[in-house]
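Visitor: Hi! Could you walk me through a few spots in this protein?
Guide: Happy to, here it is.

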Amino acid sequence: MVDKEKDDTPETCIYSDWSPWSACSSSTCEKGKQMRQRMLKAQLDLSVPCTETQDFQPCMDPGCSDEDGSTCMMSEWITWSPCSLSCGMGMRSRERYVKQFPEDGSRCKVPTEETEECTVNEECAPSSCLVTEWGEWDECSASCGMGMKKRHRMIKMTPADGSMCKAEATEAEKCMMPECHTIPCMLSPWSEWILCSSVTCGKGMRTRQRMLKSAAELGDCNEELEQAEKCMLPECPINCELTEWSQWSECNKSCGKGHMIRTRMIEMEPQFGGAPCPETVQRKKCRIRKCLKNPSTEKRRWKEPREKRKSEQVKEDLDGEQFPGCKMKPWTAWSECSKLCGDGIQERFMTVKKRFKSTQITSCKDKKELRACNVHPC
């Protein structure tokens with residue numbers, strides 16, 4: 001495990017801060033391991049390897065004990081998360097939640113998260129590294145006669161196993177210029193490339209210079225003294241983007257205490273460490289009017305046989321409710337939940353079956369109810 005206080009990282013390697021530790025790879029009481037990562041932001045000297053982008057430490061499931069946790073009722077596992085690496089072997093995780101805690105009030109010891117290894121690209125070995133496309137060829141080193149020209153590419157991601165990247169970052173070949181007939185310009189060697197221009201992520205530019213060494217009396221020199229090329233740092237974070245809130249739904253109760261719901265949709269998922277998405281469903285209380293009760297009717301109703309009350313309820317559901325000025329069809333079944341996790345919505349409808357001609361009440365209209373579903377986090 002890399003010790004931050006005794007980090008012997010070369011000064012030519014510039015890294016981001018360490019990420020938080022991942023979940024333990026063991027979902028049981030056997031020993032597992034946790035991983036953290038950091039990104040290589042810049043490599044100032046390609047001849048000096050930059051390693052140690054991953055760190056591991058032993059761990060054990062925090063809920064381990066000798067007690068039996070079988071009395072917990074758990075949900076099904078939620079879908080696996082994306083693989084932690086885009087090349088080679090990485091890690092992914094999934095979660096589940098406690099649907100019912102033990103009746104004796106003890107803490108539930110059953111694991112709610114598990115991790116496993118994942119491979120994104122089978123052809124990508126742990127010792128492979130990701131590089132950019134080759135840049136344009138530099139101009140020939142000679143203004144006349146035989147010379148050399150080079151082209152370069154950059155390392156985007158170092159090998160996952162911590163080994164040195166074996167991909168070539170510079171390529172050179174011979175070049176032929178017109179035959180020399182005059183005294184060439186006397187130029188100093190090119191300087192080292194400077195850091196990527198004033199950016200901390202994404203695309204930028206870098207430059208290098210050389211000096212004119214020949215005397216002015218030897219004639220004009222048309223050789224370029226500065227070169228520029230594009231450079232690439234790790235991708236910039238993209239924050240979560242959401243739509244505006246929808247209008248508040250109607251109250252889910254026609255009398256007494258109820259609630260209203262409003263929602264918003266995710267337009268852009270967070271990427272590259274961007275800000276996570278906030279809540280997408282909000283609820284607030286509502287109360288239209290007090291529910292009317294007839295004490296004598298309620299008393300008689302509870303004295304009736306249970307079977308008779310049940311048959312009346314079935315008949316009421318089949319016939320639909322009756323409101324002032326109209327008779328309604330029964331409520332439809334609840335729709336499927338709009339999400340598998342992370343605050344979904346279900347809805348059902350009641351439509352007008354018959355309007356009475358003798359009334360002018362305008363409250364006789366189709367009705368809609370909403371309720372929350374799958375509220376567990378993804």
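Guide: Let's start with Leu 195, which counts as partly exposed because its relative accessibility is 47%. Buried means under 20% relative accessible area, exposed over 50%, and partly exposed in between (1.4 Å probe, protein chains only). This is a predicted model: local features need pLDDT of at least 70, side-chain atom pairs count only at pLDDT 80 or more, and totals for chains, interfaces and linings use all residues. Residues are numbered from 1 along each chain as its sequence is written, and side-chain values use heavy atoms, leaving out hydrogens and water.

Visitor: New spot: is Val 281 buried or exposed?
Guide: Val 281 is buried, because its relative accessible area is 3%. Its place is in strand E18, residues 281-287.

Visitor: What does Val 281 touch?
Guide: Leaving out residues up to four places away in sequence, Val 281 touches Trp 245, Ile 261, Arg 262, Thr 263, Asp 343 and Ile 345. Contact means heavy atoms within 4.5 Å.

Visitor: And how far apart are Val 281 and Gly 344?
Guide: They are 63 residues apart in sequence, and 7.8 Å apart in space from C-alpha to C-alpha.

Visitor: What about Thr 351, where is its place?
Guide: Thr 351 sits in the loop between strand E21 (344-350) and strand E22 (352-355). With a relative accessible area of 31%, Thr 351 is partly exposed. Beyond its neighbours within four places in sequence, Thr 351 is in contact with Met 328, Lys 329 and Asp 366.

Conventions. Helix = DSSP H or I, 4+ residues; strand = E, 2+ residues; numbered from the N terminus.
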